[in-house]
Amino acid sequence: MFHAKELTVSSRGRGFTDITADVQRAVAESGARQGLCTVFLHHTSASLLLCENADPDVRQDLESFFSRLVKDGDPLFVHDAEGPDDMPAHVRTVLTQNALNIPVKDGRADLGTWQGVYVWEHRTSPHRRRVTVSVVS
């Protein structure tokens, strides 16, 4: 059995959007009791993150670390067609991930106690992001 659902995620610019409930809903709609859920982000300047969901300081610290690691407007980068955050957003995406695989157990995405699924927007302006949640059982 295969089931797929497309989500549209609106970001407010650089930062995190929690899509855990949307992923859980897509798994429930699939009717699968066990199997595998793949979450795929169709973009090159945002990424997916399986992260601590209890303390927002974790996500703030990740953003602070990446801001230091990959600076907007760095003269190293030639590609800046869409502004000083353009190439840094691509680098951040390459260093992270655009797909997650999560086991399905008892009709739910079997996340750990403190895990959440996030879209991590790397551009400074708001964007609409397309995410596909696929379930195979």
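Analyst: Two strands count as paired if DSSP finds at least two bridges between them. The model discussed here is predicted.

User: What makes β5 and β6 a pair of strands?

Analyst: Two bridges join β5 to β6. The cut-off is at least two bridges, so β5 and β6 pair. They run antiparallel.

User: In what order do the strands of the five-stranded open sheet stand, and why are β1 and β6 said to be at the edges?

Analyst: The order is β1-β8-β3-β5-β6, with antiparallel pairing. β1 (2–10) and β6 (108–109) each have a single partner strand, so one side of each has no neighbour in the sheet. In general, strands of a sheet pair through backbone hydrogen bonds, either parallel or antiparallel.

User: Which helix lies across β1, β3, β5, β6 and β8?

Analyst: Helix α1 (residues 20–30) does, running at about 155° to β1. Gln24 is found in this helix.

User: Why is Gln24 called buried?

Analyst: Gln24 has a relative accessible area of 12%. Buried means under 20%, so Gln24 is buried. Leaving out residues up to four places away in sequence, Gln24 touches Arg108, Ala109 and Leu111.

User: What is the order of the three-stranded open sheet, and which strands are its edges?

Analyst: The order is β2-β7-β4, with antiparallel pairing. β2 and β4 are the edges: each has a single partner strand, so one side of each is left without a neighbour in the sheet. Neighbouring strands of this sheet are turned by 35° against each other on average, direction ignored. Four bridges join β2 to β7, which run antiparallel. Phe16 stands opposite Trp120 in β7.

User: How do you know that the span of α2 is close to the one expected?

Analyst: Helix α2 (residues 57–69) has 13 residues. Its first and last C-alpha atoms are 18 Å apart, and 18 Å is also what is expected at 1.5 Å a residue.

User: Which residues of α2 are buried, and what puts them on the same side?

Analyst: The buried residues of α2 are Arg59, Glu63 and Phe66. They cover an arc of only 70° around the axis, which puts them on the same side of α2. These buried residues pack against β2 (15–18), β4 (46–52), α3 (86–95) and β7 (115–121). The face turned away from the buried side carries the exposed residues Asp61 and Arg68.

User: Why is α3 described as largely enclosed?

Analyst: Seven of the ten residues of α3 are buried, so the helix is largely enclosed by the rest of the structure. The buried ones are Asp86, Pro88, Ala89, His90, Val91, Arg92 and Thr93. They pack against β4, α2 and β7.

User: Is Val94 buried or exposed?

Analyst: Val94 lies in helix α3. Its relative accessible area is 69%. Exposed means over 50%, so Val94 is exposed. Val94 and Ala46 are 48 residues apart in sequence and 9.4 Å apart in space, C-alpha to C-alpha.

User: What makes Asp106 exposed, and where does it lie?

Analyst: Asp106 has a relative accessible area of 53%. That value is over 50%, so Asp106 counts as exposed. Asp106 lies in the loop between β5 and β6. Asp106 has a positive phi of about 55° although it is not a glycine.

User: Are Cys37 and Cys51 buried or exposed?

Analyst: The relative accessible area is 0% for Cys37 and 8% for Cys51. The cut-off for buried is under 20%, so Cys37 is buried, and so is Cys51.

How values were computed:
Residues are numbered from 1 along each chain as its sequence is written. This is a predicted model: local features need pLDDT of at least 70, side-chain atom pairs count only at pLDDT 80 or more; totals for chains, interfaces and linings use all residues. Side-chain values use heavy atoms; hydrogens and water are left out. The expected span of a helix is 1.5 Å times one less than its number of residues. Buried means under 20% relative accessible area, exposed over 50%, partly exposed in between (1.4 Å probe, protein chains only). The arc is that of the directions from the helix axis to the C-beta atoms. Contact means heavy atoms within 4.5 Å. Axes are lines fitted to C-alpha atoms, for helices over the stretch in contact, and angles run from 0 to 180 degrees between N-to-C directions.
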